[in-house]
Amino acid sequence: MGKHKPRPQSNSSFGENTSLEGCIGLPYLRVSSKRQEIEGNGLQSQEGRCLIKLQDLGVPHGKSFFDSYTGGGDFMNRPAMRALLKYIDDRPHQRFVVIFDDLKRFARDTEFHLKLRLAFKARGVILKCLNYNFEDTPEGMFVETVLAASNELERKQNARQVVQKQKARLENGYRSFPCVKGYTRVKDARHGKIDIFNNDAPFVKEALEGFASMRFVHKIDAVRFLQEKGVISKKQQAEKAIATFDSMLQEVFYAGYIEYLPWGVERRLGHHQALIALEVHEKNQRRLKQSVVSFTRQDVRDDFELRGLINCATCLDTKLTGAPTTNGKGGTYNYYKCPNKECSMYGKSISADVLHSGLDTLLKEMKPCDEVVDLAKVIFEDVWQETMKEESKIKTSLIAQKSQLEEEIASLVAKSGKAISEVVERQYEKQIETKAIELEAIEEELEKEYDFTVPNRTAFDQVMNVLKSPYVVWSSYDTKQKQRFFHFIFESNLNYSRNEGYRTPNYSLPIRIFEEISSSKPVDVEMGGIEPPCIPE
């Protein structure tokens, strides 16, 4: 919390005989689970007991601090504890009593218990606990340390028991974590609790299968679909929504299986009903490994194609916002402005036409020399050859996986025929089915014949067009395409000054590489790069 100013000190900050005259009471309340709150150990009940104690002590209540941080560790990880210490530091001439309802609320980690105690002592704070008397004596410190170590042991034992129970449930084919989207957990006479489909299930299925079939080319396309159907909140930011969908794509639970490798729980059939086929899940895993997807703002309008891409040059980090307005003659015009009220440019409009045409001019100036274009062709060909080598390696790997699966299936079939009970035989059959599905997916992939020459030619032409004339490409795109293309050219948002125009742009890595290579010939002959344009002599 930084250095704190000295405050009035008493002879003992913890003893029962310490004077409380002039002190202000600050209750600190903490729970680590919803169950604690429901069962009466919640924040409000803790506060009530602490307030009664303060009243008995004749100490007025100042402010309460509520925390729901789980586990031990550094007390500075707790938001309310940070706020409490800051509150005390901001009032250096005031004396405080910090009160807890139980020593476990103080800290459940021996090391940080002692550090937190010293932090309060350095601030001259008097500590009170409803079920323990703090004593600033060797004997008192010994007892307190033992209790802190006991609390830490209890916390770790509880955590271990929770993990053991969760792992056992996973091993038995049940999900022990919160429900995934599309499922609801219900009580069941046979299974105890089991996950079943809810109203979102059809939409989740459509999104997962759509991503596998390339109906949704990008993750953001599937996210928008799920947001339209109410599966993912429309208020959720695009980055978080994509992360949510990314987790859904990686979740084998949707294919009817249970798996959690961090705890050594290998893939096995679950008792729940599958939403998608395992083949669909495997296709999505391959897509995740092979593609990098992007997203754009959903509220972009054609009239404000640069919304979210241009920052105010005065306050730098603030993005210019766009809006239409009317003039005295009843007409309308579009403008951008800085929304930062503390900025000197706040409320001062910039014509949308001026901002857009300024970027057009910037893009028109980006014309590389012939040497740069030739170099790009060579690099592109090298990358293409490396890509083909990688594709060959992938195919070889798939063939090896196919051979191994065939051997494993044959071995399981032989063991199944020698099984001494029906239970053991069914377990073998489940394993055979799982591996057969994996084998089928690999065989399907190996049967496909890809012709990479067409996409290679298309990609090459697109890259050359961008290098030769970024402005031509930019002007041919619609607004959403422009938003994506912008970040190919520029590494970050551009800064725009109302008086000076665009500041020096920070080009993206591909553009910078060509620019630097083009200007570094070994004979020290300067060669024009991306900017400024090459001028023939």
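Before I come to the helices, a word on geometry: axes are lines fitted to C-alpha atoms, for helices over the stretch in contact, and angles run from 0 to 180 degrees between N-to-C directions. Helices (H or I, at least four residues) and strands (E, at least two) are DSSP runs, numbered from the N terminus. What we have here is a predicted model, in which local features need pLDDT of at least 70 and side-chain atom pairs count only at pLDDT 80 or more, while totals for chains, interfaces and linings use all residues. Residues are numbered from 1 along each chain as its sequence is written, and side-chain values use heavy atoms, with hydrogens and water left out.

Helix α7, residues 201-212, packs against helix α9, residues 238-250, at an angle of about 80 degrees, and the two axes are 11 Å apart. The two helices are therefore roughly perpendicular to each other, a label that covers 65 to 115 degrees, with angles under 35 counting as roughly parallel, over 145 as roughly antiparallel and the rest as oblique. On the α7 side the contact (heavy atoms within 4.5 Å) is made by V204, A207, L208 and F211, which meet F245, M248 and L249 in α9. By class, the residues of this contact are 7 nonpolar, no polar and no charged, where Ala, Val, Leu, Ile, Met, Phe, Trp, Tyr, Cys and Pro count as nonpolar, Asp, Glu, Lys and Arg as charged, and the others, Gly among them, as polar.

Now the sheets, where two strands pair if DSSP finds at least two bridges between them. An open sheet of 4 strands runs in the order β2-β1-β3-β4 with parallel pairing, and its edge strands, β2 (65-67) and β4 (126-129), each pair on one side only. Within it, β1 (residues 23-30) and β3 (residues 95-100) are joined in the parallel sense over 5 bridges, with P27 opposite I99 in β3. Helix α2, residues 43-57, lies across β1, β2, β3 and β4 and runs at about 160 degrees to β1.

The other open sheet I want to show has 3 strands in the order β9-β13-β14, and its pairing is mixed. Since β9 (310-312) and β14 (501-502) stand at the edges with a single partner strand each, one side of each is left without a neighbour in the sheet. Helix α11, residues 352-364, packs on this sheet and touches β9, β13 and β14, its direction making about 125 degrees with that of β13. Strands β9 and β13 (residues 494-497) pair in the parallel sense over 3 bridges, and C312 stands opposite Y496 in β13.

There are also hairpins to look at. Strands β5 (residues 183-188) and β6 pair in the antiparallel sense over 6 bridges, with a hairpin of 3 residues joining β5 to β6. In the hairpin of β7 and β8, 4 residues lie between the strands, and G264 in the turn has a positive phi of about 75 degrees.

Which strand gives the most to the lining of the largest cavity? That is β6, residues 192-197, with 3 residues. A cavity here is a set of points, on a 1 Å grid over the protein atoms alone, where a 1.4 Å probe fits but cannot get out, and lining residues have an atom within 4 Å of a point. The largest cavity holds about 60 Å³ of space, a volume being the space filled by probe spheres set on the points, with grid points joined across faces, edges and corners. Its lining includes R169, R185, K193, D195 and H272, and the lining residues divide into 3 nonpolar, 2 polar and 5 charged.

Methods
1 Å grid on protein atoms, 1.4 Å probe; cavity = no way out; pocket = protein on both sides within 12 Å on 5 of 7 lines; lining within 4 Å.
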